[in-house]
Amino acid sequence: MTTVLPSLASGLASVALAASDAVVSPADPRLVQVALVISVLLFVIGLIGFLTRRNMIMMFLCTELMLQAACIAFVTFGRMHMNASGQVFVIFILTVAAAEAALALGLVVLLYRKRETLSSEAWAELKE
Amino acid sequence: MPFPSLTPYALYIAGAIGAIGLYLLIRPGPVNVRRAGTLIGLAGVGLLVSEAIHIVDASVGGPAGGIPLIPCILGFIAVAGATRMVTHPKPVFAALYFILVVVSSAGLFLSMQAEFMAFALIIVYAGAILITYMFVLMLAQQSPSESPGDIEGATHYDRVPREPLAAIAVGFLLLATLGTTIFGSRVAPIGDAANAAVARATVERWRELESLPRRLDAEIALVRPGAVAAPDENGRVLAIARDGSASVRIQWDDNGTVRTDAIPLPASAAPTNIQTVGLALVKQFPASLELASVILLMAMFGAVVLARKQIELGEDERREAAGLRRLSLDDAEPIGRGDATASKAAPVGGRS
Amino acid sequence: MTHLATLFPSLPSALAGDGDAHGTAHRAAEGAAAAATWIGGATAHPEYSWAGWILLLPLLSAVFCFLCGAFRVKNKLPALVTIAALGSAFGLVLTLYLKYDPTHASGPMTVHLFDWIRVVWGEKPGQSFVADWSLYIDGLTLFWMLFVTGLGTLIAIFASEYMESDVGGNYCRFFGAVGIFLFAMGSLVMGGNLALLYLGWEGVGVASYLLIGYYYGKPTAVAAAKKAFVMNRVGDLGLLVGIYLTWRHFGSIDYATIFKACSETIANGSHGGDWTKGLIPYFLMLGAFGKSAQIPLFTWLPDAMEGPTPVSALIHAATMVTAGVYLIARLYPLFLLHPHALHTVAWIGGLTAFLAATIGMMQYDMKRVFAYSTVSQLGYMFLGLGVGTTFGACYHVFTHAFFKALLFLASGAVMHGFAGQLDIRKISGLRNVPGFKIVAWTMLIGCLWLSALPFTAAFFSKDTILLVAMTDESHGNRILAWLGLLTALMTAYYTFRVWFRVCGGETAYQPGDEAHGHDDHGHDADHGHGHGHSHGHAADAHGFHPHAPRFAINGVLLLLAVGAILAGLPGLIEFLKMGPNWAAEMIAASSATIGVPNLTEGLAGGHAEHAHHATVLGMDGHTAMFLLSTVAGFGGIAIAAYYHLVRRRAAETLKQALLANPLIGWLPRALENKWYVDELYDALFRYPIVVFGGHVLAWIDRYILDGGIINGIARIPAWIGRLFQPLYNGLLQGYAITMVGGIGLILAWIVYVWMKGGI
């Protein structure tokens, strides 16, 4: 416990806004590594979800999850290199995600109107 | 060293444990099995995270700082939420769990000094995109009573996963590959390298202030109202010291004589995260920004085209919509052709 | 020298340097002795480069003719141009001849025209392949070119009238091919190396193919052209291998170099090189047999009569088919490389002469009779070459060219006048048909000459061959001589069988059915005979008027008759001991004399001092041969006169009697069916190939190549596809799993390589 508490305190401090008097603070290597692992995990879980869920809306939601993982990775890399490019890419990802949500969901609605189901297995024309 | 060290194959072991846990979770089964899956999965994730920290320490040659507890907790929450989202049979709940993922990753962003992105993420994802999903779910979701095999209020295709084993195998393969790259690549700089990188980044950050003249002027005005920034012979306004502090050259008109001075700037005068991101957006990626706007525009058009209800219009309706006279002679039907005309007009009338 | 002694045991060798031992002061003999020394030492004569026009003019005329065809010229312009070009070429050859001294001390002349193939990869003798456009001019070349271009011109004149019904595109095609032929023949004969000879060899083959298949609408003509081409390929392959081996052993294909090396080999008796050196003559021989229609490649020549008659006369009687004789005469030194090469040539020639004559006796188609006669006479020539009298062989080529061209053109005139009729049973009494007198009597001259009656040209040439064969006691040459005499009897018989049938007897004729081409022949309004009405009524003689040959045909026939008579002059001069034989002089001054002791025999045959070894039947050789030939010739004519002029029914009776006799009934049947050689070849080669190619190979193709390999390979993906088919259920996620799995594997591989430090 003696080691956990100070680290908890430092973690909280790192979350606090503009707590440092330095203009740029160095990235914590452990934090970077953990964040990357988490992003990979989220990506893989999203992928598995995409591959296993039959509900078309859920499939798209899983792609959003994968995009989310990519966002985390970008922000982490930006933090690692201490510049803003990673965050700019997150903006672009958000753009694409929004566009995808608009279009894909519109398509899903159209498909649902045709078959009255959201199951992706209702659409098996690809095998022909 | 808070966690025990593992063999070099720890990544695969941890990934495999996590995969087993996910496999137990993803299939509809008894509650106990799913609890066990949850535990196994959490153990796998924990092993993975601890291994990540261990690898960093090993590459640095000692403890590379304190344990990032809050990011770890947020990460656990995100992973757990994602898992639950993927496995939850009800799409609405899955979407809510996705919000949990978004919020916790926003927390991660905060811990990585990406404040703007954290809030943008919450606003755009949780606020806009997820709401859209909710709407579509409500529009398209079948009511549970319509599905004959309805258990726990979820439809069959939501309840039973598709080929989970193959998917998890593929996922494990990808996890192992990506994990290998992460664990094998160099970590964030530390020690002297980190200091040099910080110094370089500090200079860059201060230089960005030169691109923000109004903010610079505001800072100057705080110290000496009426003064303006005075570029030196190189066109530089800021002078950055080795310790990371910056001073700005100013000049002001002191009763006819132009006087110059250098005033130190506080750390708070440095561009904030939002300003940095905005500056990078317009300075470094202007073409991408334009592209993004075009993508959004196209998406808007696409959404409009897709969502518009397709209505089959007859010849008469289209003529009417175009402001032309109807073709069918409703008021003056010629005798003898009435039957044919009526039978042709009937479906039109029925549609309208 | 032991080698040569085994070759010609009965004759002292002029090569041994003891030619003087014979005590002859004969000029030509000296020339021959000189030839043996200077051969190989050819001198360059750049001032004779105009001789290149002898080759170029026919080629230009061919190009002109094809251009005429392209521009749809509808008159006789192509014929005129061709005649002019060939005539000019003949003039050039004549000029060259006049400038050439057969006893020229400096030996053969070479004229370098331009570089052609020069592949050099080393300094040593065998490390280069050089073939230039150069001419090699010696007595043999001029001898050959004189009658080739001369006959070519005459026959082109003949054809200008004979082919007039085809005026238009076909006319241009015909004369274009004739131009190609003359060019190729010139390159064959005048070329200074084996590559040019081969070029000409193939060129005449192509021209022959084009002209045999001239009536390409006729299946038999096309088949005959194909047959000629394919059978010639067999021979040409032999020639090609022979040329290769020659190059390999002598390091050059240039005549001068080869002959020099050969002279040294013969003089020193040294035989370097491995056993393949001895194969050279046999491969060259095969080429000669193919081109000159000898056993076993003789069946194409009779079929080649499907071509227009001028072509038969020019290519398939007078010139091209003698290319084989030319080849052996030109490369005679090479034929001494193996002791049995010349004996093989002699036996093949003698047997071919006999076999073809037997077939010729039973044919009813005039042109076919003459075709077999050509094969037979070519057999004589090879016999002559084989027994060592290159002079006799070449002289026979010369005389034969005239009288055989005459016979063919005469039969062509008959064909022209009687709407393609060639059956000797359906034309009779031609000598009394108005307008055909010249044809009939010139044909008689041709027949007399072919029968080799005393004091005709063929008498001198053929008897030289037979005499040498008769007096040579080795290797069964005497048997061949008796066989040749028997053949002479048969020759006289079948020749006069044709003449008595066609020209003798009552005047009666039936028009042909135009089967021999000439689609619109007879419709020609110029003739005004109106015999075109008889088309489609071949059996109906009423209203048919044979249209008599006009100036060009008659003139050419007369000229050829004169030429045939004159061709005998050298022999007559020698016979009357009035001087040396012109032809022998020409041949003596060429490579055909290297290692040929018999040449002096042919040259000095009339001299008493040489007769001591030439005894036949206890008499002087010449006297004996004179008597024997006379008996054979007149005997044949007498038999023919009895069966085909006096009592024609007797011939049928005899035939029926023979056919009825079970013991010898097979003989006439076999003769009429050409000894079943075609059928034999079909059984031996064609059907095996058809069966092998059509069934075995087709089976292999269908079931092993197509079925096993190609479809088998094609089945592998299908099989693998079936294995993975469950993945492709049309569901999005199935594809997604595959895709992601693939990406994952590729990524994993990249990462693996990266981790190993590969990147």
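Begin by selecting C:Thr344, which belongs to helix α15 of chain C, residues 341–360. Helices (H or I, at least four residues) and strands (E, at least two) are DSSP runs, numbered from the N terminus. The model is predicted, so local features need pLDDT of at least 70 and side-chain atom pairs pLDDT 80 or more, while totals for chains, interfaces and linings use all residues. Residues are numbered from 1 along each chain as its sequence is written, and chains are lettered from A and ligands numbered from 1 in the order in which they are written.

Because 18 other C-beta atoms lie within 10 Å, C:Thr344 is partly exposed. A residue is buried with 20 or more such neighbours, exposed with 12 or fewer, and partly exposed in between, the C-beta atoms being placed from the backbone.

Next, select helix α19 of chain C, residues 457–471. In α19(C), 15 of the 15 residues are buried, so the helix is largely enclosed by the rest of the structure.

Now turn to chain B, which has 13 helices and four strands. Of its 352 residues, 34% count as buried. Two residues are in contact if their C-beta atoms, placed from the backbone, lie within 7 Å. Among the contacts in chain B with a separation of 6 or more, 53% join residues 24 or more positions apart.

Definitions and conventions:
The expected span of a helix is 1.5 Å times one less than its number of residues.
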